Amino acid sequence: MREHSTMPKINAGSMADIAFLLLSFFLVTTVIPDDKGIARRLPSLCENPPCSETLNERNVLRIQLNAQGDLMVENDLTSITELKKILIDFIDNNGDQSCNYCNGIGDKWSSDNPSIAVISLSSHRQSAYKDYVAVQLEVTKAYAELRQRYRSVHFGKQTNGLSNVEIQVVKDAYPYLISEAELD
């Protein structure tokens, strides 16, 4: 008897088509997570020294985020839900009565006016990124609310109806002044 030494062959011509269909399927069904980030424009380089300025201590609001995610505002333990109100009260204080558009109470322990109110944010290098982003979002919300109030009172328009000059006037009224540092 004679044995056949030929093996049965498998038609592999459609394997490339199957691989392409699988690749297409995974590309279409894969969801890319929407990562949260912080959109910030960095300040321009200081061109005319001296590049530092001495501030009155009352014009600086110190916010600290430790490694455990605890939020301290001026050494008082604070929740993230209270932060926006604290920021608005601090920035819009009008402590020196020079701001004719501010709604603050003129507290002697808060900022003189929005143009020199600095938010100093210090975070521990082991603090969770989500906690850091949450604090940054509250700072952004506070400035957005103050700017929205100013737009409504002085221009009676929303942002998309303002000219470039009017947008700059709003930004100058409530400049975004934040200082960031890392805690050891």
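# Reading a predicted fold

Q: With a relative accessibility of 6%, does Asn-94 count as buried or exposed?
A: Asn-94 counts as buried, because its relative accessibility is 6%. Buried means under 20% relative accessible area, exposed means over 50%, and partly exposed lies in between (1.4 Å probe, protein chains only). The model is predicted: local features need pLDDT of at least 70, side-chain atom pairs count only at pLDDT 80 or more, and totals for chains, interfaces and linings use all residues. Residues are numbered from 1 along each chain as its sequence is written, and side-chain values use heavy atoms, with hydrogens and water left out.

Q: Where is Asn-94 found, and what is its phi?
A: Asn-94 is found in the loop between helix H2 (80–91) and S4. Its phi is near 65 degrees, a positive value in a residue other than glycine. Glu-74, which is not a glycine either, has a positive phi of about 50 degrees. Glu-74 sits in the loop between S2 and strand S3 (76–78) and is partly exposed, with a relative accessible area of 36%.

Q: How many helices and strands are there in the protein?
A: Helices (H or I, at least four residues) and strands (E, at least two) are DSSP runs, numbered from the N terminus. The protein has four helices and five strands, and along the sequence they follow the pattern α-β-β-β-α-β-α-α-β. Of the 184 residues, 28% are buried.

Q: How many residues of strand S4 are buried?
A: Seven of the seven residues of S4 (residues 118–124) are buried, so this strand is largely enclosed by the rest of the structure. The cover extends to both faces: Val-118, Ser-120, Ser-122 and His-124 are buried on one side, and Ile-119, Leu-121 and Ser-123 on the other.

Q: Which residues does Ser-120 touch?
A: Contact means heavy atoms within 4.5 Å. Not counting residues up to four places away in sequence, Ser-120 touches Val-60, Leu-61, Arg-62, Ile-63 and Ser-179. Ser-120 counts as buried because its relative accessibility is 12%. For the protein, among contacts between residues at least 6 apart in sequence, 65% join residues at least 24 apart.

Q: How many bridges join strand S1 to S4?
A: Two strands pair if DSSP finds at least two bridges between them. Six bridges join S1 (residues 60–65) to S4, and the two strands run parallel. Within this pair, Arg-62 stands opposite Ser-120, and Leu-65 stands opposite Ser-123.

Q: In what sense do S1 and strand S2 pair?
A: S1 and S2 (residues 71–73) pair in the antiparallel sense over three bridges. Leu-65 has Leu-71 as its bridge partner in S2. The hairpin has five residues between the strands, and in it Gly-69 takes a positive phi near 90 degrees.

Q: Which residues does Met-72 touch?
A: Met-72 lies in strand S2. Leaving out residues up to four places away in sequence, Met-72 touches Arg-62, Ile-63, Gln-64 and Leu-77. The C-alpha atoms of Met-72 and Arg-62 are separated by 8.1 Å, although these residues are 10 apart along the chain. Met-72 is partly exposed, because its relative accessible area is 24%.

Q: How far does helix H3 reach from its first C-alpha to its last?
A: The expected span of a helix is 1.5 Å times one less than its number of residues. H3 (residues 129–154) has 26 residues and reaches 37 Å from its first C-alpha to its last, close to the 38 Å expected. Gly-156 follows H3 and has a positive phi, near 65 degrees.

Q: Which residues make the nonpolar surface patch of about 520 Å²?
A: Met-15, Ile-18, Leu-22, Phe-25 and Phe-26 make this patch. Patches consist of residues with over 30% relative accessible area and no salt bridge, like charges being joined within 9 Å and nonpolar side chains (Val, Leu, Ile, Met, Phe, Trp, Tyr) within 5 Å. A salt bridge is a side-chain nitrogen of Lys or Arg within 4 Å of a carboxyl oxygen of Asp or Glu. Leu-22 is in helix H1 (residues 15–29) and counts as partly exposed, because its relative accessibility is 46%.

Note on methods: Areas by Shrake-Rupley, 256 points an atom, 1.4 Å probe, with all protein chains shown as cover.
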